[in-house]
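Open the model in your viewer and keep the selection panel at hand. The stops below each begin with something to select, followed by what can be found there.

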Amino acid sequence: MLRFKQFISEDMPYLDDEYEQSKEDKTFRAADLRQRLKSLDAAKGDTPLKKIGEIGPYEVHHVPTEMAGLIGGHIYRQHHAVVTHKGNRVGVVTFSEEKPGFMDLPKHLVSQHPLFQLSHSGRKARVSGLPSHVYRMISQHLNMPVVSGARQSRGGQNVWKNLAKMGKVSALNTRTGERIHDYDPDKPEHHNIVYSSTSGGGYQSGYYWLLMHHPEQPKKENP
């Protein structure tokens, strides 16, 4: 039987921290980006890109898509943030729209793995923390919070640390119901709760914790 680490490396390598820096990962991400954009083109049909904002030299466009489920006619809604640079598509972040109910969460977005061309990823991006800015922009545009998964790679953790510095992020323990209303990655007690230490000396998200980025609410004007 495969150990969990082996399973991640062989079956879901993009979740493995060490794999993220490898040559194989670069090839995987480039192919995955091409496939996701190809699938998006097929799903959106003639729906035009709708520009929702700019992040430095980048433009961010919103493309909504819907797909009917096989059981019960449930409609699955997704929101795609397509990032362009000088007219070329250089990245895409896809969010699934989830109904309210689970652990009293409101209607929210859950992101798939952000995909960017290598020339616009990490330190090569023209804007530091580019994926975090995209999360924040689509959350604000749709007025819906973005909720993390229960496990994140090292890169995913950085996205959420950046989001916490940009605005309000809360945390929810799905096992105990415990909530952290203002998650602060600089607080050691928060770091140890949400990102528990591993045997390898690194950190990973706790399996029961979800992080939620809240869109900014417009300030009310005094009468």
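Begin with helix 4, where Gly-156, Gln-157, Val-159, Trp-160, Leu-163 and Ala-164 are buried. Look along the axis of helix 4 and you will see these residues on the same side, because they cover an arc of only 155° around that axis. Helix 4 itself has 13 residues, and from its first C-alpha to its last it reaches 19 Å, close to the 18 Å expected at 1.5 Å a residue. Bear in mind throughout that this is a predicted model.

In soluble globular proteins, nonpolar side chains tend to be buried together.

Now centre the view on Val-134, which, leaving out residues up to four places away in sequence, touches Ile-55, Ala-81, Val-83, Val-93 and Phe-116.

Move on to Arg-136, which lies in helix 3 (residues 130-142). Is Arg-136 buried or partly exposed? Arg-136 has a relative accessible area of 30%, which means that it counts as partly exposed. Beyond its neighbours within four places in sequence, Arg-136 is in contact with Leu-163, Met-166, His-213 and Glu-216. Select Glu-216 as well: a polar contact of 2.4 Å joins its side chain to that of Arg-136. The two residues are 80 residues apart in sequence, while their C-alpha atoms are 9.2 Å apart in space.

Finally, colour the chain by pLDDT, which averages 82, with 77% of the residues scoring at least 70. Select residues 1-19, where the pLDDT is below 50, although this stretch has 28 contacts in the model beyond near neighbours in sequence. Residues 199-203 also have a pLDDT below 50, and here the model shows 10 contacts beyond near neighbours in sequence. Where pLDDT is low, the predicted coordinates should not be read in detail.

Conventions:
Residues numbered from 1 in each chain as written. Heavy atoms only, no water. Helix = DSSP H or I, 4+ residues; strand = E, 2+ residues; numbered from the N terminus. Buried < 20%, exposed > 50% of the residue type's maximum accessible area, 1.4 Å probe, protein only. Contact = heavy atoms within 4.5 Å. Polar contact = N/O pair within 3.5 Å; in protein donor to acceptor, adjacent residues only side chain to side chain. Expected span 1.5 Å × (residues − 1). Arc of directions from axis to C-beta. pLDDT = per-residue confidence, 0-100.
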